[in-house]
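This briefing concerns selected local features of one protein structure. Please consult the sequence and the coordinates alongside the points below.

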Amino acid sequence: MVRRVRNAVALPVMLLFACARAPEAVVQDCPPAPAEAPTSVASTPAALAPPIAGATTWREPSAAVRELVDARPTPGVSIDPTGARVLVMQQRAMPGIAEVARPFAALAGLRIDELRAGVRRVRTLDGLTTIAIDTGEASTIVAPQSAVIASPAWSPDGTRVAWLSLGEADVTLWTARADGRDARAVAAVLDLLGPAYRFAKDDLLVVVPHAPAPAPPRTVVPSGPVVEDARGDRAQNRTYQDLLANAHDEARFEAFATGQVAWADVEGGPVRPVGAPGMFTQMDASPDGRFILVERVRRPFSYVVPYERFGRVVEVWDRDGNVVKTIADQEPAEAIPIDGVRTGPRQVEWLATEPATLVWFEAQDGGDPRKAAEHRDAWMRSDAPFSTTIEILRLQHRARDVAALDGDGRVLVREYDRDRRWSTTWLTSASAGAPATKLFDRSSLDAYADPGSPVTRTLASGHRAVATTDGAIFLRGEGATPEGDRPFLDRLALVDGAKARLVESSADSHVEFIGFAGAPGVDALVVRRQGPEVPPDLHVRTATGERALTHWPDPRPGLRGVTRKLLKYRRDDGVELSGTLYLPPGDPPAGGWPLLVWAYPVEYNDKDTAGQVRAATNLYMRVSASSALAMLAAGYAVLDDAAMPVVGDPQTMNDTLLVQLEGAAAAAIDAAAATGLVDRTRTAVGGHSYGAFMTANLLAHTDLFRAGIARSGAYNRTLTPFGYQSERRTLWEAPETYAKVSPLLHADRIDEPLLLVHGEQDDNSGTFPLQSQRLFAAIRGTGGVARLVLLPNEAHSYTARESLLHLLAEEIDWLDTHVRKPAG
């Protein structure tokens with residue numbers, strides 16, 4: 001692609017949508033052009049028109065695209081603890097903008113719905129149904145599209161379902177019998193810092209609002225300045241958003257977050273408050289029901305980290321709320337090193353298979369991964385009445401989690417080596433000095449060697465443990481292979497490591513294990529089966545055969561005849577790559593389909609794991625409004641999830657990021673063009689978040705693409721000075737790399753048209769809307785071609801139907817204008 005000589009013109013900035021040197025195809029969105037000085041034909045692209053000053057109405061793509069993305073998603077499912085019924089959870093494809101635009105307070109790293117006084121929820125459910133596995137009979141719990149609900153859960157005995165009903169100005173806990181009878185409201189609850197409710201055997205433990213009075217209103221007149229001090233300690237924090245900023249923010253956060261722990265009856269009736277009010281991030285009854293583990297936030301708060309790192313207290317209460325033992329009482333953790341952890345007890349939890357035993361991890365290296373240490377973590381234990389604490393096991397690397405086995409008192413403990421990106425799982429017991437057997441030991445990035453995750457089940461106490469039978473556990477996984485994913489369920493004998501495959505997928509059938517019908521074992525399983533042309537449905541598999549349990553609507557009406565191919569190719573440095581090429585229905589136009597390459601860079605330590613295939617060509621294709629696959633309905637081929645690996649030493653791999661991205665992008669275009677079905681001269685690139693960062697860099701440093709689409713990216717790495725993605729160095733330790741990979745600093749080289757999209761309420765670390773606004777201004781200021789779309793009320797991911805349809809209209813127009821036309 002020939003580099004263009006550009007002519008910069010000073011033009012006004014807009015508020016909501018903006019375009020710089022917009023193409024004629026979208027001139028209907030732009031106001032009359034201001035006068036400008038004459039320019040030569042050789043220096044100015046002929047198809048360009050003046051930028052808009054601000055478009056204010058929603059747009060929509062064609063009816064074919066709308067029909068495709070409006071289809072309701074395949075429901076989520078959950079099997080009850082006894083294996084008798086399946087809970088089916090329905091949801092809308094997209095909520096309306098009115099739901100997304102509900103007023104919220106951004107405090108302490110949270111988005112708080114100000115009317116409901118709970119966490120802001122923009123993705124919710126709208127219906128619940130149960131299905132009897134033996135008969136297939138369906139029972140309605142909440143009629144589809146009749147309510148806004150969240151957080152459904154089974155009772156431990158499988159007789160009831162609970163859920164949160166989100167009203168206009170409250171959040172209420174409801175329960176109903178598994179067959180839909182006896183639905184009733186239990187209590188108004190506080191759904192904010194932690195779980196609003198938990199089952200505890202036959203009871204419910206809830207957090208209810210403490211003060212009916214609303215949070216303090218926003219103030220206009222300040223009472224004084226905000227003052228912060230640096231006292232010599234290194235506080236290398238990520239660029240968190242929505243932090244507290246002043247004393248008024250502190251008061252509002254405390255008012256919203258303060259609740260009261262209480263016991264509630266699943267049948268309804270008054271709740272019984274226990275203990276003192278607090279800002280609770282956790283509350284969980286012991287397996288024997290005698291104690292309550294609570295974790296709460298306390299003052300002082302912080303203005304530089306979110307609430308998870310505020311001062312915290314971990315306590316054990318008795319059933320009446322009296323403090324039995326304080327496990328931890330900690331100050332705000334503002335100076336945790338990059339990739340480090342908090343010192344003192346962390347991940348405090350009940351051991352699911354013991355009556356009242358607490359376990360937790362404690363850092364042995366000061367929480368600093370850069371510090372040399374023989375052991376990074378210790379696993380601790382304390383039994384009721386919690387007067388003593390013993391060390392069970394020391395771990396060489398950072399502990400990840402612990403899971404109890406339901407049968408014989410043993411546990412699985414997992415640790416992670418940050419330097420090698422290596423995961424090790426130990427089989428041991430929760431007794432001091434107990435032998436530990438290495439069960440799994442592998443690169444966490446080695447998809448082919450992934451043994452799967454242990455299948456868990458709910459115990460009578462409401463806690464979860466790894467399901468066992470006859471000395472074996474069950475493992476379910478994605479089953480990555482060189483030909484694509486083949487999901488599986490294995491039975492692993494712990495005594496000798498022998499495996500038996502119980503569920504296996506094939507090239508044309510994607511079979512996913514959902515749960516056991518009845519007790520854990522091989523007698524009856526529930527699976528979700530689908531294929532390239534077979535919509536997903538639940539099936540019951542027994543020794544005598546398989547039968548369909550559901551017959552759900554086709555989730556992609558109106559898009560038939562799409563073909564896909566798994567492309568495998570090689571980068572010029574020898575790294576194996578892959579991506580899935582989707583082709584629109586019908587015959588390609590002369591010269592081949594125009595192509596959109598959609599990708600997201602991922603870091604790897606070595607070429608072998610980087611080159612593994614991570615795709616599922618045996619899935620029934622579901623197209624959401626945020627997916628690049630929606631472009632198929634507009635006549636574009638899509639190379640989706642094109643591999644963009646960044647390979648090397650985790651400490652320095654970003655030094656060669658640009659070279660590796662260019663090599664992967666060039667190889668992707670070559671592989672797609674080699675099919676003879678796409679036109680390599682009509683190719684665009686796009687991505688979201690880190691994929692947007694990739695897109696801007698590819699346009700700045702290569703001439704491989706005709707145009708780009710960058711959504712919610714970060715383009716100036718000096719604004720994320722304490723690391724980004726997997727970068728472990730600070731700006732001051734690697735200034736040249738930070739500058740080299742920042743597209744903003746190379747905006748004068750972005751000489752292909754770039755569509756920038758951003759949610760104006762982006763809540764992701766580092767991807768402030770300012771990132772897109774500044775890159776747009778830089779491209780415009782250096783004479784480039786760009787368009788900026790800021791989606792109101794949207795966060796890092798976009799959810800409202802109006803926003804997503806507008807996004808699709810913008811993307812299709814952008815590609816039609818800059819890519820669809822033949823080169824020249």
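Which residues are linked with E99 in a network of salt bridges? The network joins E99, R102, D113, R116 and E168. The model is predicted, and the count of salt bridges in it comes to 59.

**Individual salt bridges**
- D490 and R501 form a salt bridge in which the closest N and O atoms are 2.7 Å apart. This pair links distant parts of the chain, with D490 in strand 34 (residues 488–493) and R501 in strand 35 (residues 499–504), 11 residues apart.
- D490 is buried at 3% relative accessible area, whereas R501 is partly exposed at 42%.
- D417 and R420 meet through their side chains in a salt bridge of 2.9 Å, N to O. D417 is buried, at 8%, and R420 is partly exposed, at 42%.
- A salt bridge also connects D179 with R181, at 2.7 Å between the closest N and O atoms; D179 is partly exposed, with a relative accessible area of 30%.

**Surroundings of S382**
- S382 belongs to strand 23 (residues 377–383). With a relative accessible area of 1%, S382 counts as buried because this value is under 20%.
- A polar atom of the S382 side chain lies 2.8 Å from the backbone oxygen of T388.
- Beyond four places in sequence, S382 touches residues including A356, W360 and T389.

- An open, antiparallel sheet is formed by 4 strands in the order 9-10-11-12. Strand 9 (149–154) and strand 12 (184–188) each have a single partner strand, so one side of each lacks a neighbour in the sheet.
- Strand 9 pairs with strand 10 (residues 160–166) over 4 bridges in the antiparallel sense; W154 has V161 in strand 10 as its bridge partner.

Methods
Residues are numbered from 1 along each chain as its sequence is written. This is a predicted model: local features need pLDDT of at least 70, side-chain atom pairs count only at pLDDT 80 or more; totals for chains, interfaces and linings use all residues. Side-chain values use heavy atoms; hydrogens and water are left out. Helices (H or I, at least four residues) and strands (E, at least two) are DSSP runs, numbered from the N terminus. Buried means under 20% relative accessible area, exposed over 50%, partly exposed in between (1.4 Å probe, protein chains only). A polar contact is a pair of N or O atoms within 3.5 Å; within protein, one must be able to donate a hydrogen and the other to accept it, and residues adjacent in sequence count only if both atoms are side-chain atoms. Contact means heavy atoms within 4.5 Å. Two strands pair if DSSP finds at least two bridges between them. A salt bridge is a side-chain nitrogen of Lys or Arg within 4 Å of a carboxyl oxygen of Asp or Glu.
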